[in-house]
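Here is a short briefing to read alongside the model. Have the viewer open and follow the residues as they come up.

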Amino acid sequence: TYYKCLVQRVDINLAVEDFSNATNWVVEGTEEVAWSVTRGWPRTCSFFGARLWFAGTTQRPTSIWGSRINGFFNFDLGDGSDDLAIDDIIDSNEFNVIQRIFGGRSLQVFTTGAEFINPNTIITPSNNTFNQQTGYGSKVIKPILIDGATLFVDSSQRTIRQFLFNFNEDGYTSINASLLSSHLITNVKAMDSIKGTSFDVGDYVYVV
């Protein structure tokens, strides 16, 4: 059977073609855009480790992308060198759509069914990995950083959890930070904070 491809000059028999011989081929491009009107745009972004990170498109809801080091608008994967861009997928036993990514003490990923972190301070294409920590899930509500802990709204939309490293667990835990006000929180829409000042050292979290 004979086929004609857009990147070749003449008709060839694919069954007997020697693909190591490139004399009959013109390379016009091997890359394909990840974000577009048809494929969707990332739903969340964050800065971490001198990279700009994006995650969660319509067609790739579990994918995460990191820019080149100090090149926030360059997502060229190149040959996979340490300073080049990153394209990865959050792997787990469940289909966990990425809701938010957050640059806290680590690069944190909040999905519909679990919470993940990248344990590396300096993330490269070769050491890039995401480890699941807890399994509460979250909503598309921006997390906030308070006293070194990341506060996020879990999938019930009724509980605010504190995502923080626990040395006894040797991993992150998600403690219920709104336990004493659970009767007030029913359907969280937004969350933000006011940090302490020289006049008032307390940090206040506001919930809609």
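Which residues of strand β3 are on the covered face, and which are on the uncovered one? Thr44, Ser46 and Phe48 make up the covered face of β3 (residues 44–48), while Cys45 and Phe47 make up the uncovered one. Helices (H or I, at least four residues) and strands (E, at least two) are DSSP runs, numbered from the N terminus.

The model is predicted, so please keep in mind that local features need pLDDT of at least 70 and side-chain atom pairs count only at pLDDT 80 or more, while totals for chains, interfaces and linings use all residues. Residues are numbered from 1 along each chain as its sequence is written, and side-chain values use heavy atoms, with hydrogens and water left out.

**The β3–β4 hairpin and Arg51**
- β3 and β4 form a hairpin with two residues between them, and Gly49 in the turn has a positive phi of about 60 degrees.
- Five bridges join β3 to the antiparallel strand β4 (residues 51–55); two strands pair if DSSP finds at least two bridges between them.
- Phe48 stands opposite Arg51 in β4.
- Arg51 is buried yet lacks a salt bridge, with the nearest side chain of opposite charge, Asp83, 6.8 Å away.
- Here buried means under 20% relative accessible area, exposed over 50%, and partly exposed in between (1.4 Å probe, protein chains only).
- A salt bridge needs a side-chain nitrogen of Lys or Arg within 4 Å of a carboxyl oxygen of Asp or Glu.
- The Arg51 side chain does reach backbone oxygens: that of Ser67 lies 2.6 Å from one of its polar atoms, and that of Asp82 is reached at 2.8 Å.

**The four-stranded sheet**
- An open sheet is formed by four strands in the order β7-β8-β9-β10, with antiparallel pairing.
- Its edge strands, each pairing on one side only, are β7 (98–103) and β10 (131–134).
- Five bridges join β7 to β8 (residues 107–111), and Arg100 stands opposite Phe110 in β8.

**Aromatic pairs**
- The structure holds eleven aromatic pairs, counted when ring centres of Phe, Tyr and Trp (its six-membered ring) lie within 6.5 Å; planes under 30 degrees apart are stacked, over 60 edge-to-face and the rest tilted.
- Trp35 and Trp65 have ring centres 5.5 Å apart and planes at 85 degrees, so the pair is edge-to-face.
- Trp35 is partly exposed, at 23% relative accessible area, whereas Trp65 is buried at 4%.
- Phe110 and Phe152 form a tilted pair, 4.8 Å centre to centre with 40 degrees between the planes.

Technical notes. Lys, Arg positive; Asp, Glu negative; His and termini not counted. Polar contact = N/O pair within 3.5 Å; in protein donor to acceptor, adjacent residues only side chain to side chain.
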